[in-house]
Amino acid sequence: MGESYSPVLSRDTEIQREFDPDSSVGYAILEAIAELEGVDATNLLKEHSFVLSDHVDVDALNSLIDTGSSTEVRIRADDYVITVAHDVIHVARTEPDGTLGL
């Protein structure tokens, strides 16, 4: 797949990873959330009831993020705040009250 990533950040509440902008942004988001939760991306629905397309038009998101783009997109989805910018995805888990758990 050619993706590289580096979990950074703190306390298992957030993750940042690089992705190939020529690949599916939606799938890269699912992989980042799955890594944060310690599950396989194919099990997010089963184990966390998470479906990305319930929160964003994935085809439109893929169109917005391209190699030369300076576009930054922030999505609030269930218990996550997801930021996508060029070739980096940042996912932060929120607390039950909706605040970021940083």
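This is a predicted model: local features need pLDDT of at least 70, side-chain atom pairs count only at pLDDT 80 or more; totals for chains, interfaces and linings use all residues.
**Reading a buried aromatic pair and a helix**

Q: How is a pair of aromatic rings described?

A: One gives the distance of the centres and the angle of the planes. Rings of Phe, Tyr and Trp (its six-membered ring) pair if their centres lie within 6.5 Å; planes under 30 degrees apart are stacked, over 60 edge-to-face, and the rest tilted. The whole structure contains 1 aromatic pair. Phenylalanine 50 and tyrosine 80 form this edge-to-face pair, at 5.6 Å centre to centre and 90° between the planes.

Q: Where in the chain do the two partners of the pair lie?

A: Helices (H or I, at least four residues) and strands (E, at least two) are DSSP runs numbered from the N terminus. Phenylalanine 50 lies in the loop between helix H2 (44–48) and helix H3 (58–64), and tyrosine 80 in strand S3 (residues 80–85), so the pair links distant parts of the chain, 30 residues apart. Tyrosine 80 is also buried, at 4% relative accessibility.

Q: Is glutamate 95 buried or partly exposed?

A: Glutamate 95, in the segment after strand S4 (88–93), is partly exposed at 34% relative accessibility. Its C-alpha atom is 9.1 Å from that of tyrosine 80, 15 residues apart along the chain.

Q: How does the length of helix H1 compare with its expected span?

A: The expected span is 1.5 Å times one less than the number of residues. Helix H1 (residues 25–37) has 13 residues and reaches 18 Å from its first C-alpha to its last, close to the 18 Å expected. Glycine 38 follows H1, with a positive phi near 75°.

Q: Which elements do the buried residues of H1 pack against?

A: Contact means heavy atoms within 4.5 Å. The buried residues of H1, including Val25, Ile29 and Leu36, pack against strand S1 (14–18), H2, H3, S3 and S4.

Technical notes: Residues are numbered from 1 along each chain as its sequence is written. Side-chain values use heavy atoms; hydrogens and water are left out. Buried means under 20% relative accessible area, exposed over 50%, partly exposed in between (1.4 Å probe, protein chains only).
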